Amino acid sequence: MKWHIYLIITLLFGSFGGSLFVHSNQQNADHQMVLQINPVPEEKIAKQGSFQIDSSDYSYRYLSDGVLEISLVDGNNFQLKKVKNQLKNIGITSVNATLMTISSSNVTVTGLDFVDDLLGIKIIGADNVTVSSSTLGNQTHSYGIQVVRSSNVLIKGITFTGYSTEENFTAIELYDSINVTVSNIDFNKNEGLISTRVFSVSNVTNLDIQNVKTISSFTVSGEFEGMSIVGSENVNMQSFSLNGITANGYSIFELINTSTLTFDSIVLNNLNYYEGGFDGFLIQNSSQLNITSVEAKKNSVLTNILDPSGKTDFNLFRILNSSSIKVETINLENLIPFPYGLHLFLISNGVNINIDDMNTIFATTGVFNGVVVTNSSGIMLTNFNYFFGISSSLNFISLTSVSNATIDSITSYANVATAKLELITLNEVEDVDFNLIALLTISSYSSSFPSLGFSIQNSRGIKLNNSFIQSVISSTQPVYAIKISNSSDFLLNNSQIVSITSELAESVGVYIDATNNSMVSNSQLNYIQNTKNSKEVNDITSSKLSSVVLDDKGYGFVIVNSQNTTLFNNILYSTDIWMTKDAISTLTLINNTVNGLESNLISLIAPNDQIIDVKNQPVNITWTAITNPVNSTDSYAIYLDGDLVQNGTWISGEEITYTITNISMGVHLLEIVFTEASGFNTSDIVIIEIKETKPPVFIQTEKSTIVAKDADYSLEWRASDENPDTYSILRNGTEIDFGHWNANESIIYSLSTTTIGTWNFTIIIRDIGGNENRQTIFIQIVEPVDLFLVYGDEDITFYKGDVESFNFLIHGLDSGNYTVSIDGVPTVAGTWKVNEEIQVNITDLSIGSHKIIVVADDPLHQSLSFDVLVTVLPPKTTTTTVNIKEKLGSVIQEPAVSNNLPIFASIIGAFVALGLVVRYKQGKMPRLNKLLKRKKKSSPPQSSGKKKSKKSKKK
């Protein structure tokens, strides 16, 4: 098989530059190289010729347009350095190649020396290619060596040096290839780079990398990336070393969607960074990875910016959504990312993660996290050592939502936390075994947080064996060697808790809160004390308690809200109070020894915490303590809020009673201390709260209703209580009104009805004792339906004695209520309905004027009102009918003599009187002919009878 090699070199300022291509050409019987010279005058070079390199025959000829064809007649070992020397004979004195592309099979490129030249090597679609023993420098390409869709490629003995490119640079890129070996790669004097990546690997199978290192210090202005491996499998890397690099930030290894990967001997030393942060290993969506021997020393941050996001933190390992990962032999020394965070292992959604043999010495940092695991299972952490560290917040191991974990041989020594100390924290953890945990000489200077050796919450099945917690000290805050809460099935066995001290607050060996089925056995608790106020166990005379129940002394065991706790075969020495419990906890004590003497107390029946109504005093509080033998009792003392209120001797099995009398409202602490004949002190604490226990009572409440938009409507409540305090009104859960209320007085809230919709309103009423009552209603605001008066608002006049009424008709939504008031006195009330006339009898009204007011509403809380003026006249006067004709006829027939003048005057007077009567009844003075034609009997004047509507008057 014959092959062709093409070299294209472009001339720049008397030098040649171009590209070298190696590819297959079946039509030609020899290997060819083509030199592109642009421009090269024909007269300055020979037209054709030949030369020999190491018994390999080359020929050349000038074609046209600056193209020089060089033919390798025999041989396949291309040595560009020697070719360059031969080109001098034909007038080409300098060759600066920009690219060599190899797309053939069975090609060997060796001995390249491009310290002063520009070269990138691309192997694409090739098989059986070797690039070895070469130096590449002054790159202008974005990569040094690139392998694409190739197989059986060996890259060996390559030194990258002297880069000056302004682009982001990757030394070796491997894509879509099989069986690639890379070995003995050196980086030297890599200055002036914006961003550097050593390896980029994607979709490569069977990759072997050996002995990659930096051999001198350099600076990268941007990010430095060591190796990115994506979608690959069967990757083996031996010996990868970075030393003395300064960059804005680091991402050393990205391993994404990879499987079956082995790393050995990783060295990351003297790597300084700025605000870009440091990521050692990012392992994501990968499986079956083994990483052995990782060393990181003298790595520091070089900036001091405000970074609450954690971007500037130092992260050694981040393992996400991965399984079957094993990391072993990690040595860390002099890591100084202060004041930023140092996180050694952050693990999320992992399965079967094994970390073994990790040593951390001399770390100065902000937040320190050794191993943080969330939402994972099958976790194994073994042989961890933390020596000499200073942190603002210190946490060695944190497990959240983790099941089936084993933590073995963990040692922490001489570490200091300035803000927060929680050495080992567990939350929502199940079935975790701890063995050989040693937390030694650890100090906290926090002014806000208690110090915790073990913090266990919401967990089940935690076992702690063969462990040692010693010299945990806090300057101002409480110290708890082990604090477990809201958990079950806890075992502490064969362990020691020694010298747990706080200078100004309480110290506790084992604090068990709301935890069922726990046991502490075969363990020793010594010197659990408050250093400023320490007392010997047999010298307790008072117990001034704080609001958190415990005072500033040392407690061996504290049991609160817990059931089925067993203390078996434990030894305590020099601890202020060896054990205390609350009323509801159940406890079994077996063979526990204090100060060399075995406690004979086997049972303590204690009362529950009490809430007592202030009116119900006196109340008896009773304890019963049982010892074996019965004659081992001595004395007891009862303290109320720290003051001695009762003492005496006690007898095994007999009740001791203290009576609560005339205690003020509030919370009070009642403690009894039993002293055995041996000098043991056992205490029990009862919290007494005196308060008013009966809540306020509503005597008027609202109902859920529908209200028309823009209607006037108010919510109203009334309540009763002897000691009312405050009320709150909530709309859809948000408080909209607050104030003080008085018994039997209305609480009124004017409702806004401008917006259509439905809201819930809740009123909460409270008394000074904190008792409360509440009511919730729903108010729906809807479009209004017109409410109006059809008729019934005209004034009325009638005679006393006549039967009279006034009628009205209302139109609106179905029906509603009405009230009729006469002269300001409500007289008639009822329900109106659509198209149903309402008649009100007013016959019995007295003579004179009366004002009648009608007020009506509808189910939408719209209202209208109207008034009617009623005039009642005196009863009608009885009149005699006069026959005027007859009267006139008799007068006319009389002689017209002077003595008839009085008679005529009488007749005229009668007419005048009659005319006045008619005028009074008709309201006008009629002429005579009309008077003669009127009816014999006039009806009383009434209203006009016209129907008049009136629109609703909305409030």
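Author: Begin with a term. Two strands count as paired if DSSP finds at least two bridges between them. In this predicted model, Val855 has Ser865 in strand 67 as its bridge partner.

Reader: How many bridges join strand 66 to strand 67, and do the two run parallel or antiparallel?

Author: In general, the strands of a sheet pair through backbone hydrogen bonds, and the pairing is either parallel or antiparallel. Here strand 66 (residues 848–857) and strand 67 (residues 863–873) run antiparallel, joined by 10 bridges.

Reader: Which strands form the sheet, and in what order?

Author: The order is 61-67-66-63-64, five strands in an open sheet with mixed pairing. Strand 61 (796–799) and strand 64 (825–833) are the edge strands, each pairing on one side only. From one strand to the next, the twist averages 25°.

Reader: How many helices and strands are there in the protein chain?

Author: The protein chain has 68 strands and four helices. Of its 955 residues, 49% count as buried. Take the contacts between residues at least 6 apart in sequence: 72% of them join residues at least 24 apart.

Reader: What should I know about the pLDDT of the chain?

Author: It is the predictor's confidence in each residue, on a scale from 0 to 100. The average for the protein chain is 80, and 79% of the residues score at least 70. Residues 534–548 have a pLDDT below 50, and this stretch has 39 contacts in the model beyond near neighbours in sequence. Residues 890–955 are also below 50, with 69 contacts counted in that way.

Reader: Next, the nonpolar cores. Which residues have the most contacts inside the largest one?

Author: The general idea is that in soluble globular proteins, nonpolar side chains tend to be buried together. In this model the largest nonpolar core has 156 residues, and Phe263 and Phe345 have the most contacts inside it. Strand 27 (residues 367–444) gives the largest share of this core, 26 residues. Another core, of 23 residues, lies apart from it and includes Val820, Val840, Ala856 and Leu864.

Reader: What does Phe263 touch?

Author: Leaving out residues up to four places away in sequence, Phe263 touches Met227, Ile229, Met237, Phe253, Leu255, Phe281, Asn290, Ile291 and Thr292. Phe263 also belongs to one aromatic cluster, together with Phe240, Phe253, Phe281, Phe317 and Phe345.

Reader: How many aromatic pairs are there?

Author: The count comes to 27 aromatic pairs. One of them is Phe160 with Phe187, a stacked pair at 5.6 Å centre to centre, with 20° between the planes. Phe160 is in strand 14 (residues 151–161) and Phe187 in strand 15 (residues 169–188), so to read the pair is to link distant parts of the chain, 27 residues apart. Phe160 and Phe187 are both buried.

Reader: Is the pair of Trp650 and Phe674 stacked or edge-to-face?

Author: Trp650 and Phe674 are edge-to-face, with 70° between the planes and 5.0 Å centre to centre. Trp650 lies in the loop between strand 48 (643–649) and strand 49 (655–660), while Phe674 lies in strand 50 (residues 666–676), 24 residues apart.

Reader: Why do Trp650 and Phe674 count as buried?

Author: The cut-off for buried is under 20% relative accessible area. Trp650 counts as buried because its relative accessibility is 3%. Phe674 counts as buried because its relative accessibility is 2%.

Conventions:
Residues are numbered from 1 along each chain as its sequence is written. Side-chain values use heavy atoms; hydrogens and water are left out. Contact means heavy atoms within 4.5 Å. Axes are lines fitted to C-alpha atoms, for helices over the stretch in contact, and angles run from 0 to 180 degrees between N-to-C directions. A nonpolar core is a set of buried Ala, Val, Leu, Ile, Met, Phe, Trp, Tyr and Cys residues joined through side-chain atoms within 4.5 Å. Buried means under 20% relative accessible area, exposed over 50%, partly exposed in between (1.4 Å probe, protein chains only). Rings of Phe, Tyr and Trp (its six-membered ring) pair if their centres lie within 6.5 Å; planes under 30 degrees apart count as stacked, over 60 as edge-to-face and the rest as tilted.
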